[in-house]
Amino acid sequence: MSATTYAWLVLAFPLAGTLVIALGWRVLFGRLAGWLGSFAILLSFAAGVGALLELLALPEEERSLTASAFDYASTAGLDADLGILVDPLSVFMVLVVSGVSFLIHLYSVAYIASDGGYARFFSYLNFFVFSMLLLVLAGNFVLLIVGWAFVGAASYLLISFWYRRMTATAAGIKAFVINVVGDVGLVLATFLLFQATGALDYAGVFTGAEEAFAENDGTLVAACLLLLVGAFAKSAQIPLHTWLPDAMEGPTPVSALIHAATMVTAGVYLIARTHPLFELAPAAADVAAIIGTLTLVMAATIALVVTDLKRVIAYSTMSQIGYMVLGVSVFAYGAGLFHLMTHAFFKALLFMGAGSVIGAMGGEQSLDRMGGFRKAMPFTFATFTLGALALAGAPLLSGFFSKDEILAFTIDRGGGYVILGVVGYVAALITAFYAFRMVFRVFFGKAAPEAAELARGGIHHADPQNPATGEVEDSDVGFPGPEHHVAERSAPMAAAMAPLALLSVVAGLVAIPGVTDTLEHFLEPTFADSRFIDVHPSESAEYIGLAVGGAIGLLGIAIAYVLYMRRPGVTLALRDRLRPVHSFLARKWYFDELLDALFVRPAAGFGRFGRTVVESALVQGLLVGGASGAVRAGTSFARTIQSGYLRAYALLLFVGVSGLALYFLIASA
Amino acid sequence: MLTIHLSIVIFLPLAAALLAAVLPGRAGRAGRWLVLAGTAGSLAYAVAMIADLDASSAGLQYVTDIAWISELGIRYSLGVDGLSLFMVALTTLLWFFATLAACLREWEHPRLFFFQLALAETAVLGVFCAQDLALFVLFFDLTLVPFYFLVGAWGERDRVRATTKLIIYTLVGSLLMLAGAVALGVLAAQESGGELSFALADLTERTLPEGTQQWIFVLFAAAFLVKMPAFPLHGWMPDAYRAAPIPVLILLSAVLSKLGAYGFLRVVLPILPDASLHFQEIVLVIAVVSILYGSALAFSQDEARLVVGYSSVAQLGFITLGIFSLDDLGAQGAVLQMVNHALVVGALFLVIGVLARRTGGSESLAQMGGIAMRAPVLAALFLVVGFATLAMPGTANFIGELLILFGAFESKLVFGIVASAGVALAAVYMIRFYQRAMHNRIGERVASRDLGVRELAVVAPLVLVIVALSVYPQLVLERTEAATVAKVERAQSLARGEPPAAPTAAAEGASP
């Protein structure tokens with residue numbers, strides 16, 4: 001089979017899984033839906049491996065294959081087919097997405113077991129994987145937008161999976177609408193590119209753009225900025241990031257899969273995929289690099305003060321994606337995508353660990369209530385700590401190599417980029433600190449009552465309630481199920497976490513400066529046309545970078561150790577001393593309030609104005625009032641012969657019309 | 001070149017209804033199923049014609065053309081091209097499902113009701129097939145009569161007021177159009193020195209001076225914009241939508257609204273190209289305001305019907321935007337979107353009927369909530385329809401909107417950009433509607449239960465059509481392309497400052 005045939009299979013399995021589970025939910029008893037869904041994704045991953053092997057068998061310059069199923073929308077000069085592109089970049093994404101997705105499916109088999117919407121959950125999850133794979137395999141902009149929007153829809157459905165929770169549905173509509181704003185950006189960008197090049201497929205657009213645009217041509221910069229609107233909406237970058245923390249309303253496996261490991265990296269993929277455009281419009285790439293840097297530092301500072309465990313990890317995700325955006329925007333594609341991969345491993349792992357802890361807490365997510373889980377949950381503790389070490393960039397772990405490679409490339413660009421790189425290092429210090437703030441507050445310190453209960457062999461069960469608002473709930477469909485699960489007692493959960501823990505440790509080995517360059521070499525054919533393909537920091541610069549990065553990571557961990565282990569209470573004192581700073585951070589830099597004032601309120605006000613003022617006065621009152629007033633005067637005469645019957649009235653009208661028509665005709669003939 | 005096929009398609013529903021009306025006694029109870037069979041027959045005919053259509057030709061097919069009132073130059077002239085055919089198809093499809101929905105509940109004076117329903121179908125099909133302007137106007141006005149009764153006699157709340165408004169608005173529009181049509185025929189005949197003729201093909205060839213075109217344009221535009229309805233001519237819509245029974249409402253919103261858009265494409269653009277260009281920006285302003293205003297009102301409503309009603313104002317705004325981009329991409333998008341909008345609106349109103357049966361008869365969003373809980377099938381079908389309505393990429397509605405926006409960007413970038421805000425607003429009103437009905441805390445009077453067999457039989461097939469079209473929108477695009485491009489050809493070349501394309505015989509399908 002050729003690589004493209006495998007690629008079709010990659011798409012076919014999750015789609016089939018979606019449909020089978022969605023249509024068969026009545027007969028899929030027990031955990032069958034979960035196993036079926038997991039198996040579909042495993043097959044998809046296997047097909048991805050098949051595509052990889054086929055691709056590797058080809059000479060490097062031929063590793064870009066397209067295939068088309070049928071004409072999707074071609075009319076009046078526009079031509080979009082249902083076509084895919086298989087090249088190293090798409091295969092890399094397929095493997096990361098399907099691989100991590102499989103493990104998260106496996107985790108969910110147990111985690112979500114008692115939920116009333118079990119089959120629905122896996123149907124959505126399979127649909128998400130299908131959408132994401134469609135996004136990365138799409139061969140033209142129209143199909144890219146389709147995958148892009150499907151991913152947003154799946155995300156919406158899973159955020160509001162517990163659909164009777166008002167907080168979850170509110171988070172869902174917020175995420176969906178911001179994602180649609182991103183879609184609109186993509187549509188506009190696609191138009192500008194289509195107008196200039198007459199093409200919609202990647203190859204046609206890229207070659208056409210080179211002919212049509214000079215460097216930093218206004219239209220091209222506009223198109224690239226619009227692409228960034230799409231990328232930022234999906235990847236939660238400033239100012240379109242506010243939906244991501246709210247998205248934590250969804251079940252924890254969803255946070256792990258969609259809102260950490262895969263979907264939110266779509267923006268990074270998009271920039272990498274359209275790199276020929278950004279290299280032609282370096283001004284737009286610089287905008288992306290700056291916004292990525294702003295996001296990574298902003299999100300890291302917020303993660304310092306948030307007390308909801310899942311939201312800390314969510315802000316961490318935003319921050320880490322900022323690094324990736326920075327990487328691909330300074331044209332260090334290999335480094336950006338490398339970090340995308342390692343982040344997928346350790347962030348999925350962190351969320352899984354968080355899910356296990358939240359299970360032990362009976363659904364409670366606040367760090368303030370947690371503590372001392374180290375003994376009661378040794379496996380969760382060990383894996384979570386490995387994930388946190390990787391996130392902190394501790395030497396030799398995966399995040400250490402990948403993050404530092406991005407920063408080394410950035411500084412190597414010189415000029416203003418050095419500032420971006422330095423900011424990146426500062427944020428790395430904050431990252432290491434907040435990562436271990438979580439570890440110390442969850443697993444060390446005074447044991448929470450729930451930890452003691454777990455150690456005794458029980459598990460805490462609170463009355464079902466919304467952890468954010470305290471509203472009373474039941475555990476029927478639309479709310480979380482009655483049971484809670486921890487990794488220590490659920491084999492599928494542990495089986496999913498162990499490989500991720502291993503990968504978080506060793507995945508860095510594919511790109512050790514001067515030793516291995518497996519990943520970058522594999523991706524090379526995709527980026528062969530890049531002007532920056534041969535630009536590398538010198539080996540010594542990379543090693544200096546690694547040394548600095550490693551030292552910063554360890555320093556951050558050390559500070560966290562001092563503040564939370566050695567001198568607990570200092571952080572509270574600090575908070576009181578720096579009250580304004582703390583509340584600025586706790587209110588998330590006021591972005592929610594800003595967007596609310598700029599868009600939500602005006603739109604709602606416009607609607608209210610229309611309903612109360614325009615509709616009643618202008619439309620219903622003046623126009624109709626005037627017209628029907630005139631008619632009323634006329635009909636007061638007619639009423640005598642109208643005899644009250646609607647039918648006669650209608651007949652009269654009709655005869656009147658016909659008479660008038662005849663009059664016109666005869667008069668003119 | 002004379003076939004009876006189109007006459008059969010048009011008059012089959014009416015014939016079945018007449019037969020049903022005279023059936024005696026007990027057999028008369030089965031009359032409604034006879035009416036349904038009549039609409040099914042027309043639907044089958046339309047499907048067969050789509051399969052048989054010569055997609056490469058912009059010319060008319062299945063032509064019937066005989067002198068009718070020769071003194072006035074009026075001919076009984078029917079014919080379809082790709083554009084008309086899909087309008088015929090959506091009419092017969094929606095009428096079939098609306099009639100089916102009507103068959104499944106009880107009515108006062110059922111014979112009369114089903115007769116009116118069938119009469120209305122015949123009238124609408126006549127509009128879509130007419131190739132003589134006089135015939136077009138006749139059928140167009142004929143649609144008023146049955147809808148007057150359907151809303152007025154079988155309506156619900158406040159029906160008299162609603163009917164009066166509906167009739168005043170549309171009648172004023174129709175009268176203006178009638179005057180416009182008469183003037184068009186007469187003046188064109190004078191101008192060219194030929195015989196009085198209302199044949200669309202003749203009128204296309206007899207180009208009027210620009211000044212004359214302009215005032216005739218205004219007369220036609222008034223009628224068509226009211227029918228859609230477009231802001232600020234939508235005053236009849238809220239009351240009529242509140243009053244109409246669901247099956248009638250489906251037809252009012254899904255099919256009747258298309259008469260206006262179709263009229264622009266069939267009559268106005270080819271025959272009055274200079275005026276279309278002259279008024280382009282004014283109509284685009286109306287379109288864009290309709291999009292924004294309709295969307296904003298849609299997410300401010302509590303009544304489910306009006307959410308859909310105002311969303312239709314916005315969607316028809318998109319269709320108008322596509323047509324008056326005077327660009328073949330935009331026009332193609334408008335045609336596809338006409339089909340799409342008919343399908344989703346039909347399905348949405350059916351769903352509203354289903355929802356109301358679970359909330360103790362209320363259609364207020366405030367009374368709904370949590371209906372998804374015991375109704376996963378309903379939730380899934382509604383979700384698909386909702387995503388299609390908000391034109392999510394992956395649905396045919398998205399392709400329609402994409403083409404419309406591309407057309408608008410190409411000709412008038414600013415209008416296109418402002419209109420694209422409507423895409424995001426659509427997500428707001430549709431998801432809000434879905435959540436308030438299906439999700440959130442359970443409403444006090446809500447009794448959640450899944451679709452019954454009858455409900456499923458009406459809703460599911462429409463949803464399947466929506467899904468099928470989403471997978472393969474090309475089905476519509478490739479069959480309507482030639483006809484649609486021919487409609488905008490003249491106005492487009494005027495807009496681009498190219499030498500005016502002479503109306504070709506093939507483009508308008510002049511028949512012997």
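## A tour of the cavities

Welcome to a model with 13 cavities of 30 Å³ or more inside. Keep in mind that what you have open is a predicted model.

**First stop: the largest cavity.** Its volume is about 160 Å³. To get there, select A:D183, B:A391, B:P393, B:F398 and B:V423, which are the closest to its centre among the 17 residues that line it. Now colour α5 (141-159) and α6 (166-197) of chain A, then α18 (396-411) of chain B: these are the elements that give two or more residues to this lining. Which one gives the most? That's α6(A), with 6 residues.

**Next stop: the second largest cavity.** Here you're looking at about 120 Å³ of space. Pick A:F331, A:Y333, A:G334, A:E520 and A:I533; of the 15 lining residues, these sit closest to the centre. Two or more residues each come from α15 (333-360) and α21 (518-523) of chain A, and α15(A) gives the most, with 3 residues. Colour by class again: 10 residues of this lining are nonpolar, 3 are polar and 2 are charged.

**Last stop: the domains of chain A.** Zoom out and select residues 3-586 of chain A, which the domain assignment gives as domain 1. How many Å separate their centres? Taken over C-alpha atoms, the centres of domain 1 and domain 2 of chain A are 69 Å apart.

Technical notes: Residues numbered from 1 in each chain as written. Chains lettered and ligands numbered in written order. Predicted model: local features only at pLDDT ≥ 70, side-chain atom pairs only at ≥ 80, totals over all residues. Heavy atoms only, no water. Domains from an automatic or database assignment. 1 Å grid on protein atoms, 1.4 Å probe; cavity = no way out; pocket = protein on both sides within 12 Å on 5 of 7 lines; lining within 4 Å. Points joined across faces, edges and corners; volume = space filled by probe spheres on them. Helix = DSSP H or I, 4+ residues; strand = E, 2+ residues; numbered from the N terminus. Nonpolar A, V, L, I, M, F, W, Y, C, P; charged D, E, K, R; others polar.
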